[in-house]
Amino acid sequence: MASHVVGYPRMGPKRELKFALESYWDKKSSAAELEAVAKELRASIWKQMVDAGVKYIPSNTFSYYDQVLDTTALLGAVPPRYGWSGEEIGLDTYFSMARGNATLPAMEMTKWFDTNYHYIVPELSPELKFTYASHKAVDEYKEAKELGIDTVPVLVGPVSYLLLSKPAKDVPKTFNLLSLLDSILPIYKEVVSELKAAGATLVQLDEPSLVMDLESHQLEAFSKAYSYLEESTDVKLLVETYFADIPAETYKTIIGLKGISAIGFDLVRGTQTLSLIKEVGFPADKVLYAGVVDGRNIWANDLSTSLSVLESLESIVGKDKLVVSTSCSLMHTAVDLVNETKLDGEIKSWLAFAAQKLIEVNALAKALAGQKDEEFFAANAAAQASRRSSPRVTNEAVQKAAAELKTSDHRRVTPVHNRLEQQQKQLKLPVLPTTTIGSFPQTVELRRVRREYKINKISEEEYVNSIKDEIAKVVKLQEDLDIDVLVHGEPERNDMVEYFGEQLQGFAFTVNGWVQSYGSRCVKPPVIYGDVSRPKAMTVFWSKMAQSMTARPMKGMLTGPVTILNWSFVRNDQPRSETCMQIALAIKDEVEDLEAGGIQVIQIDEAALREGLPLRKSEHAYYLDWAVHGFRITNSGVKDTTQIHTHMCYSNFNDIIHSIIDMDADVITIENSRSDEKLLSVFREGVKYGAGIGPGVYDIHSPRIPSTEEIADRISKMLAVLETNILWVNPDCGLKTRKYPEVVPALTAMVAAAKLLRTQL
Ligand code: GLN
Ligand code: ZN
C-alpha cells in the first residue's frame, strides 16, 4: 500500500526561505546564496519524506514566491509591461511580477480558494504568445533524481490555471479565458514530455477548481484538456482535487476521463465524497488517492477513524488501487512540531504539523498493507482519548451557555435609525464625522517595549507607563488633527487576533507554527484547543485610560468572533459554529464591560468574515447565518445609546450584502481603495438600511499621501449616491503598517476634505 503527499511547506522549519528571500531583496546577499538556501531546503524535505517512507514524493512544490506565478513563468505568460524578451525566466523578471520594481507595480494578488494563502493572479489576453519559458519543474525533478530520489513533479493544472486568471487590463472583462486552453495545452505537453524524458512516470496536476460550482462549459474544458494530454503524452497523470467535495456531476465526468490515471480527493473537507464514491463507484482503470490526513490543520490524525475510511474505500476500489494521501498540500499547516519547545506536553500530544503528518500518512499506508505499527496506533489512540476527556478542553459552563444561545435570535430591539438618533444626542458629531480604523503606526520602540515586558525585562509599571505615553501622544495628535471619534491606537497589541487569544482560555500559541500567507510573509495562527472563556476584562483598562485623556468619544476596539475563528487553527472536535458562539460570548462580556466603563462607541472588527465563506454556493447561507449571529451576540445586549461599529477589510461583498446588513451594526467602515464602482450598489442598500457607512477615502496600503482635493472628490462621489447623514469619513484600514510622516499629512488632508464638504452642504 503506497503513501503520497500532495505538497509541502516551502519556508523551512525556521522560515529559512523567508530570511534568504528578504536578504536577497534587500541586496544583502546574492542570487547564488538564495539559490543555495532553496536547494538545501528542497533536499532536506525530500530526504525527510524518504525517511518517513513516503512512496510518491512531490517535487516542484517548492517556489520562490508562488506556484501560480511559477506556472505563469512556465507558460511565458509575462504581462508585456515587464519588458520580458523571451529568454528563460530568471529571478529578476519573476520578482518584478511578484513584487513590482522601481517603475512598475506588482501583479495583483488574491486568496487561494478559502485559505489564507495568496497567489499572483495571471493576466491573460488573446494576444499573449505562450512559450515554454521556465524549466523549473524539470530542473527540480532532476535535482531530486541526482540525490537518488524519484519524485512526482507537480504542476498547477491547465484548467484551474485559466479559471484563476483574469483578463489583462485592455481586454474586455467578458473575454473567455478558457478560450486560451488550446494555446497553453501544447506547453503542458512539452513540459510533461520533458519530465518523462528525464525519468518521471507520474505527473501530478493540481485542479482544485474541480471542487467549485462549475458551469458545463467549464467542465467540458477539463474533458478537453485531459483528452488532449492523454493523446499527446504517455506519462500517467494524477489529477489532485482539494478543499471541498467534488460536485456529483463533476465526479461523474472526471472518473470517465481516459487521460487521467489517478484522482486525488480531499476526504477531510470533502465530507460527502466518500458516500459519492460508494454510490457512483470508481472506475477499475484508475487509482484513488485518498486524502485523509488534514493539510489545513495542526491536529494529529485520528488514525483508527482514518483507517476505517480507508478500509471502506479499499473494498470499493481494490487493494492496489488505493494510495493514502494528505487532504491537500501541507503548505497550509505549520512545519515541524519538533521546534515547539514551549508548548504544554499534553496539548503537544494532540498535534501534528507537516513533518508529523508525513509519518501519519505512512503509518496508515502500512496498516492498510497489514503491517500496522501497533505501538504508534496505541499512542495515537491514547492522545485522542486524552483530548476527548481532558478538563483543559471542556468547560461545562461554557458548553451550556453556548448551547442556550442557539434557541434565541439576538437582535437589538430598536431599529438602527432610531438608535443612531439617540446616539447622536449624546455624541453630537458633525455631519461627515471623521474617524480612523484603530491602529496607529507601530514603531520599533513600541515593539521593543512589548517584547521586553513579555520576557520580564521591564516591570509592569514601566510597561504601562510606556503604553500610556504612546496613547497620550496618539490622542493628542488626533485632537490636533481635529478628528471626531478617536482611537487609542492599539500600541499594546502585536496582532488583532493573538492579543485576544492570549487573554482567553482555550487558546495555545506556538513559537514556530508559521504558515505562508504570500511571498515571504507568514502568519502564526493561534490554536483553539478547548472551550473558550474570558477570565477577565481584556481591553477595558486601556480604553478607559484613553477615554480619560479626551472629551471626545473614544472607540473601544475589539476583534469579532468570526475573525478570531477564521484566523486561528480551530479545534476539529466540534462544529466551527459552536466555537464561534463561545468566542462570541467572551467578546459579549468584553463589550458589556466597556459599556459599563463609560465607552460609548465600540468597534468590533470582522476583517475576516468574508474569508470564511465556503467554496460552494450551496453552503453560503448556512455559514453566513451562524457567522452573523455570532457577531450579533456580541452586541445585542447594549443600550441604544451605545454605538457599535464594525470594520471589514474588503469591498467585494455585493453577494453578501444582506448578511452585512443583518449584522445590524450602527456604523460599518469598509475598505474601498480599489473598487469604487462595485461599492455603489452596496451604498444604495446602505441608504435603505440607514446605518452609518464609512467607505475608506484613501488607501493605507500604499505610502502615497493623498491630497485634500482628491479625498474631497471621492467624498463628493459617495455623496452623490448616499445621504449625507449616514456617511463617515475614514481611511481604508488601520494605520499600523504606515509611518508617522505618511499618516500625519494623509489624515490632515482627510479632515480638511471633510470640512470642505461640510461647508458645501
Ligand atoms: N482595528 C484594526 C487596526 O486598525 C483593524 C485591522 C484590520 O482590519 N485588519 O489595525
Ligand atoms: Zn481593515
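Predicted model: local features only at pLDDT ≥ 70, side-chain atom pairs only at ≥ 80, totals over all residues.
Two strands count as paired if DSSP finds at least two bridges between them. The mean pLDDT of the protein is 95, with 98% of its residues at 70 or more. For the complex, the predictor reports an ipTM of 0.99 and a pTM of 0.95.

A second open sheet has three strands in the order β13-β16-β18, and here the pairing is mixed. The edge strands are β13 (505-508) and β18 (569-570), each pairing on one side only. Strand β16 covers residues 527-533 and pairs with β18 in the parallel sense over two bridges. Val527 has Phe569 in β18 as its bridge partner. A helix also belongs to this part of the picture: α22, residues 576-596, lies across β16 and β18 and runs at about 50° to β16.

Next comes a hairpin. Strands β14 (residues 515-518) and β15 (residues 521-523) pair in the antiparallel sense over three bridges. Tyr518 has Arg521 in β15 as its bridge partner. Two residues lie between the strands of this hairpin, and Gly519 in the turn has a positive phi of about 50°.

Elsewhere in the chain, two helices pack against each other. Helix α2, residues 31-52, meets helix α13, residues 354-368, at an angle of about 35°, and the axes are 9 Å apart. The crossing of α2 past α13 is right-handed. On the α2 side the contact involves Gln48, Met49 and Ala52, while α13 brings Ala355, Leu358, Ile359 and Asn362. Sorted by class, the contact of α2 with α13 has five nonpolar residues, two polar ones and no charged residues.

The last stop is ligand 1. Which residues come nearest to ligand 1? Of the 13 residues around this ligand, they are Ile437, Gly438, Ser439, Ala607 and Gly734. The shell around ligand 1 is made up of six nonpolar, four polar and three charged residues.

Notes: Residues numbered from 1 in each chain as written. Chains lettered and ligands numbered in written order. Helix = DSSP H or I, 4+ residues; strand = E, 2+ residues; numbered from the N terminus. Contact = placed C-beta atoms within 7 Å. Axes fitted to C-alpha atoms, helices over the stretch in contact; angles between N-to-C directions. Near = placed C-beta within 6 Å. Nonpolar A, V, L, I, M, F, W, Y, C, P; charged D, E, K, R; others polar. Left-handed = near helix turned anticlockwise from the far one by under 90°. pLDDT = per-residue confidence, 0-100.
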